[in-house]
Amino acid sequence: LHGKIVLRRANNKLSKLYILDSLTGLYNRMAYNELAEPLYEQCMSKQKPVTILFIDADHLKYINDEFGHDMGNIAIKAIADAIRESCPSDAVAMRYGGDEFVTILPDYDEEKAKQLYAAFPQTLHRIAQGYNVDFPIEASLGFAVVSDFSKPFNDYINEADEKMYAHKKARRAERQ
């Protein structure tokens, strides 16, 4: 019996490692099938709204080129910390790609999504100050609120990604 308990604990640890991103501690892309899609389907079956948030680090190439990849990793960690602090515990937050993050927020309507969207830059700024680096740590965001579930999950991720890209473009234009 003791051996089985030890084995089960070891397997639980391994399966967590399998879906966790080592740099950020958020879920990795493997969590998409394991956790994100099932959460989406759960919201669909309960007819509860779900928000898909897409976040992308700003000027990461510049940070990596000018200050080194360790500093780029700090920027990625700061964004992950801000996601963790901004999102409720029942959300599934994933590092989706190098500097891209996707978060699935169950029971999140348009109003809650807009509040998170508006508050995120301040949260990130405060967290970034704690890292005490010589460059700004910023991110662009986009979100899709799903209430009709008329399209596949991935279509809503793409919609949030497109909105994030539009946000990034608008902010770039402001800086020039």
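**A walk through the sheet and its pockets**

Select Leu53 first: its bridge partner in β3 is Thr103. Strands here are DSSP E runs of at least two residues, helices are H or I runs of at least four, and both are numbered from the N terminus. This is a predicted model, in which local features need pLDDT of at least 70 and side-chain atom pairs count only at pLDDT 80 or more, while totals for chains, interfaces and linings use all residues. Residues are numbered from 1 along each chain as its sequence is written, and side-chain values use heavy atoms, without hydrogens and water.

Next, color β1 (residues 50-57) and β3 (residues 100-106), which pair in the antiparallel sense over 7 bridges; pairing takes at least two DSSP bridges between strands. Now select helix α5 (residues 110-131), which packs on the sheet and touches β1, β3 and β4 (contact: heavy atoms within 4.5 Å).

Zoom out to the open sheet of 4 strands, with the order β2-β3-β1-β4 and antiparallel pairing. At the edges, pairing on one side only, are β2 (92-95) and β4 (139-146).

Select Pro121, Leu124, His125, Ile137 and Glu138, the closest to its centre of the 18 lining residues. Helix α5 gives the most to this lining, with 8 residues.

Last stop: the second largest pocket, whose lining includes Leu20, Tyr27, Arg84 and Cys87.

Note on methods
Axes are lines fitted to C-alpha atoms, for helices over the stretch in contact, and angles run from 0 to 180 degrees between N-to-C directions. On a 1 Å grid over the protein atoms alone, a cavity is a set of points where a 1.4 Å probe fits but cannot get out, and a pocket is an open set with protein on both sides within 12 Å along at least five of seven lines; lining residues have an atom within 4 Å of a point.
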